[in-house]
Amino acid sequence: QVRVVESGGGLVQAGASLRLSCAASGSIDRINDMGWYRQAPEKQRELVAGITNDGKTHYEEYVKGRFTISRDNAKNMVYLQMNSLKPEDTAVYYCNARVVLLGIPGAYPFWGQGTQVTVSS
């Protein structure tokens with residue numbers, strides 16, 4: 001029904017920047033909230049940043065001032081600009097989209113497969 005695909009991860013040195021992209025496609029009427037999560041080895045998945053359909057943003061404390069989330073509603077895409085990366089930002093980053101499907105009431109969460117971000121010291 002819906003496919004969510006992340007891209008843009010990689011290996012960088014501390015202090016560098018990366019821009020993650022996430023594209024949702026399929027039987028989409030509209031997308032409500034979108035967000036980026038991350039999961040480091042042996043840790044639980046955690047929220048990084050979220051954005052509503054009308055552009056309101058939320059950031060977890062550990063990324064405030066360094067990461068910026070944005071979206072393009074026309075393209076069903078969400079982005080995460082990550083600056084001043086730290087080794088503790090190393091994780092698999094996942095995109096989540098709460099999707100209203102065509103002809104089906106309600107909104108449902110869909111996840112991508114994740115993209116690896118590794119920050120070396």
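How many disulfides does the structure hold? The structure, a predicted model, holds 1 disulfide, and the legends below begin with a close-up of that link.

**View 1. The disulfide of C22 and C95.** The sulfur atoms of C22 and C95 lie 2.1 Å apart and form a disulfide. The link of C22 and C95 is left-handed, with -75 degrees about the S-S bond. Distant parts of the chain are joined by this pair: C22 belongs to strand β3 (residues 18-26) and C95 to strand β9 (residues 91-101), 73 residues apart. Both C22 and C95 are buried.

**View 2. The largest nonpolar core.** This core has 32 residues, and those with the most contacts inside it are W36, L80, M82 and Y93. At least two core residues are supplied by each of β1 (2-7), β3, β4, β5, β7, β8, β9 and β11 (115-120). Strand β9 provides the largest share, 6 residues. In soluble globular proteins, nonpolar side chains tend to be buried together.

**View 3. The surroundings of Y93.** Neighbours within four places in sequence are left aside in this view.

**View 4. Strand β4 and its partners.** Strands β4 and β9 run antiparallel and are joined by 9 bridges. Within this pairing, I31 stands opposite V99 in β9. Strands β4 and β5 also run antiparallel, joined by 5 bridges. Here Y37 has L47 in β5 as its bridge partner.

**View 5. The aromatic pair of Y37 and W111.** The structure holds 1 aromatic pair. Y37 and W111 form this edge-to-face pair, with 4.9 Å from centre to centre and 65 degrees between the planes. Because Y37 lies in strand β4 and W111 in strand β10 (residues 107-111), the pair ties together parts that are 74 residues apart in sequence. Y37 has a relative accessible area of 23% and is therefore partly exposed. W111, at 36% relative accessibility, also counts as partly exposed.

**View 6. Arginine residues over aromatic rings.** R45 lies over the face of W111, at 4.7 Å from the ring centre. W111 is also the partner of Y37 in the aromatic pair. In a second example, the charged end of R19 sits over the ring of Y79, 4.3 Å from the centre of that ring.

**View 7. The loop that holds E42.** E42 lies in the loop between β4 (28-39) and β5 (46-51). The hairpin of these strands has 6 residues between them, and E42 takes a positive phi near 65 degrees there, although E42 is not a glycine. Most residues other than glycine have a negative phi. The relative accessibility of E42 is 86%, so this residue counts as exposed.

**View 8. The loop that holds N76.** The loop between β7 (67-72) and β8 (77-82) contains N76. N76 is not a glycine, yet has a positive phi of about 55 degrees. Is N76 exposed or partly exposed? At 21% relative accessibility, N76 counts as partly exposed, because the buried class requires a value under 20%.

How values were computed: Residues are numbered from 1 along each chain as its sequence is written. This is a predicted model: local features need pLDDT of at least 70, side-chain atom pairs count only at pLDDT 80 or more; totals for chains, interfaces and linings use all residues. Side-chain values use heavy atoms; hydrogens and water are left out. Helices (H or I, at least four residues) and strands (E, at least two) are DSSP runs, numbered from the N terminus. Buried means under 20% relative accessible area, exposed over 50%, partly exposed in between (1.4 Å probe, protein chains only). A disulfide is a pair of cysteine sulfur atoms within 2.5 Å. A nonpolar core is a set of buried Ala, Val, Leu, Ile, Met, Phe, Trp, Tyr and Cys residues joined through side-chain atoms within 4.5 Å. Contact means heavy atoms within 4.5 Å. Rings of Phe, Tyr and Trp (its six-membered ring) pair if their centres lie within 6.5 Å; planes under 30 degrees apart count as stacked, over 60 as edge-to-face and the rest as tilted. A charge sits over a ring if NZ of Lys or CZ of Arg is within 6 Å of the ring centre and within 35 degrees of the ring normal. Two strands pair if DSSP finds at least two bridges between them.
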